[in-house]
Amino acid sequence: MSGRANVVWPAATRRAPDFALRDQTGAPISLRADRGRIVILTFIDPLCTTLCPLEAKALDRVEQQLAYAQRPAVVAVSVNPWGNAPRYFRADARKWRLGPGWRWAIGSRAQLARVWQAYAIAVRIRRFRAAGVTTHRVDHTEVAYVIDRRGFERALFVYPFSAGDVENTVRRLSVNGS
């Protein structure tokens, strides 16, 4: 399937766990709603300034390099419930130069934790105070799943990954009709 994915699954063998959250506009978001489209599912901290922006830019390149009909839905599940404010999503889209196809999946910490667990995403949250202000440091697994049109996981990319490798996987799934 993919030359450089860390893990690859054959068609129809590993159903992607569904979830029901809200997107950055408050609209419902789920994998079931994206059936019929290839989905790149990733896990990103909207307040991150280290690896998340780099991963997001790589995934955005995947989306931009494909013909419109082949473009996947890109769903970023937040790993930072304290960063789930529209102003952060707008700032990320601007700073990270993300295309309009990006959707954030957000919810309460408990709701998000269920999704993290379903996808084996380790999230470590450390709370600390600086200058009288409480803040949170979030460390997490940096991955992107490629989910086919029927809702099955097909590839897992652990960051750092090549945008070209993810693009090739999406392109193959688009051509094969999976």
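**Close-up 1. Thr42 stands opposite Ala144 of strand 9 in this predicted model.** Strand 4 (residues 39-44) and strand 9 (residues 143-147) run antiparallel and are joined by four bridges, where strands are DSSP runs of E with at least two residues, numbered from the N terminus, and two strands pair if DSSP finds at least two bridges between them. Ala144 also has a bridge partner in strand 10, namely Phe157. The model is predicted, and local features need pLDDT of at least 70, side-chain atom pairs count only at pLDDT 80 or more, and totals for chains, interfaces and linings use all residues. Residues are numbered from 1 along each chain as its sequence is written, and side-chain values use heavy atoms, with hydrogens and water left out.

**Close-up 2. Strand 9 is covered on both faces.** Val143, Tyr145 and Ile147 lie on one side of the strand and Ala144 and Val146 on the other, and all are buried, a term that means under 20% relative accessible area, whereas exposed means over 50% and partly exposed lies in between (1.4 Å probe, protein chains only).

**Close-up 3. Strand 10 (residues 153-158) is largely enclosed by the rest of the structure, because five of its six residues are buried.** Five bridges join strand 10 to strand 9, and these two strands run antiparallel, with Ile147 standing opposite Glu153. The hairpin that they form has five residues between the strands, and within this hairpin Gly151 takes a positive phi near 90°. Strand 10 is also joined by two bridges to strand 1 (residues 7-8), again in an antiparallel arrangement, and here Val8 has Ala155 as its bridge partner.

**Close-up 4. Arg87, Arg90, Arg94 and Lys95 gather in a patch of positive charge on the surface.** Patches are made of residues with over 30% relative accessible area and no salt bridge, with like charges joined within 9 Å and nonpolar side chains (Val, Leu, Ile, Met, Phe, Trp, Tyr) within 5 Å; a salt bridge is a side-chain nitrogen of Lys or Arg within 4 Å of a carboxyl oxygen of Asp or Glu. Arg87 is found in helix 2 (residues 86-95), helices being DSSP runs of H or I with at least four residues, and Arg87 counts as exposed because its relative accessibility is 52%.

Technical notes. Accessible areas come from the Shrake-Rupley method with a 1.4 Å probe; for residues, only the protein chains shown count as cover. Lys and Arg count as positive and Asp and Glu as negative; His and the chain ends are not counted. The place of a charge is taken as NZ of Lys, CZ of Arg, CG of Asp or CD of Glu.
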